[in-house]
Amino acid sequence: MTMAVQGSRYLKEPFQCSHEHRLDATERIMALQFETVEKRLERIEAMVGSVERRIWMTVFGVVGVILSQAVQSIVEFGPR
């Protein structure tokens, strides 16, 4: 009976240790993956912000050109 206890102890310890290490490794890998995803999302948000600024500058530029042409046409046909 002592052999069965010793034999089973040697058989179970590596698997328990291996299972715990596997869980720890999986948790570390998942943490790194989430960290990487978070960094990528931050970069994407920064790029979207710069694109949004460019779009607004384009819109303001187009509106400015239209308004300047309207003012110019009013000045040309105004008082004579």
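Is Leu67 buried or exposed? Leu67 is exposed, with a relative accessible area of 53%. Exposed means over 50%, buried under 20%, and partly exposed in between, with a 1.4 Å probe and protein chains only. Leu67 lies in helix α1.

This is a predicted model, in which local features need pLDDT of at least 70, side-chain atom pairs count only at pLDDT 80 or more, and totals for chains, interfaces and linings use all residues. Residues are numbered from 1 along each chain as its sequence is written, and side-chain values use heavy atoms, with hydrogens and water left out.

The protein has 1 helix and 0 strands. Helices (H or I, at least four residues) and strands (E, at least two) are DSSP runs, numbered from the N terminus. Buried residues make up 0% of the 80 residues. The protein exposes about 7800 Å², and carbon and sulfur atoms supply 68% of that area. Areas come from the Shrake-Rupley method with a 1.4 Å probe; for residues, only the protein chains shown count as cover.

Leu67 also belongs to a nonpolar surface patch of about 800 Å².

Now the charges. Side chains of opposite charge can pair when their charged atoms come close. The whole structure holds 1 salt bridge, meaning a side-chain nitrogen of Lys or Arg within 4 Å of a carboxyl oxygen of Asp or Glu. Glu35 pairs with Lys39, their closest N and O atoms 3.9 Å apart. Both lie in helix α1 (residues 2-77), 4 residues apart, about one turn of the helix. Glu35 is partly exposed at 41% relative accessible area, and Lys39 is partly exposed at 46%.

Finally, confidence. Mean pLDDT (the predictor's confidence in each residue, from 0 to 100) is 84.

Notes. Patch = residues over 30% accessible without salt bridge, like charges linked within 9 Å, V, L, I, M, F, W, Y side chains within 5 Å.
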